[in-house]
Amino acid sequence: MLDVAITPDGTRAYVANVGNTVSVINTSTNTVIGVPIPVGSPTPFGIAIMPSGI
């Protein structure tokens, strides 16, 4: 794990992973939603969410 961003409403965490993916976590259940999202290379080292939640 390289970085984490939480949505403004606190319901999801987006996690930048080693291996060129981002995982979405349901913060209520601490479970991964779907499959990791491929983001290309290099490995993501940071992640951000806009105040609107997008």
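User: Let's start with Asn17. What is the bridge partner of Asn17 in β3?

Analyst: Strands of a sheet pair through backbone hydrogen bonds, either parallel or antiparallel. Here, Asn17 has Thr21 as its bridge partner in β3. This is a predicted model, where local features need pLDDT of at least 70, side-chain atom pairs count only at pLDDT 80 or more, and totals for chains, interfaces and linings use all residues. Residues are numbered from 1 along each chain as its sequence is written, and side-chain values use heavy atoms, with hydrogens and water left out.

User: What counts as a strand, and when do two of them pair?

Analyst: Strands (E, at least two residues) are DSSP runs numbered from the N terminus, and two strands pair if DSSP finds at least two bridges between them. β2 and β3 run antiparallel and are joined by 6 bridges. Their hairpin has 3 residues between the strands, and Gly19 there takes a positive phi near 110°.

User: How many bridges join β3 to β4?

Analyst: That antiparallel pair has 5 bridges, with Asn26 partnered by Thr31 in β4. This hairpin has 4 residues between its strands, and Asn30 has a positive phi near 55°.

User: And where does β1 come in?

Analyst: β1 pairs with β2 (residues 12–17), again antiparallel, over 4 bridges. Ala5, for instance, has Tyr14 as its bridge partner in β2. Put together, the 4 strands make an open sheet in the order β1-β2-β3-β4, with antiparallel pairing. β1 (3–6) and β4 are the edge strands, each pairing on one side only. On average, neighbouring strands are turned by 20° against each other, direction ignored; the axes behind that angle are lines fitted to C-alpha atoms, and angles run from 0 to 180 degrees between N-to-C directions.

User: Is Thr21 buried or exposed?

Analyst: The cut-offs first: buried is under 20% relative accessible area, exposed is over 50%, and partly exposed lies in between (1.4 Å probe, protein chains only). Thr21, in strand β3 (residues 21–26), counts as buried because its relative accessibility is 17%. Leaving out residues up to four places away in sequence, Thr21 touches Val15, Ala16, Pro36, Ile37, Pro38, Val39 and Pro44, where contact means heavy atoms within 4.5 Å. β3 has 5 of its 6 residues buried, so this strand is largely enclosed by the rest of the structure.
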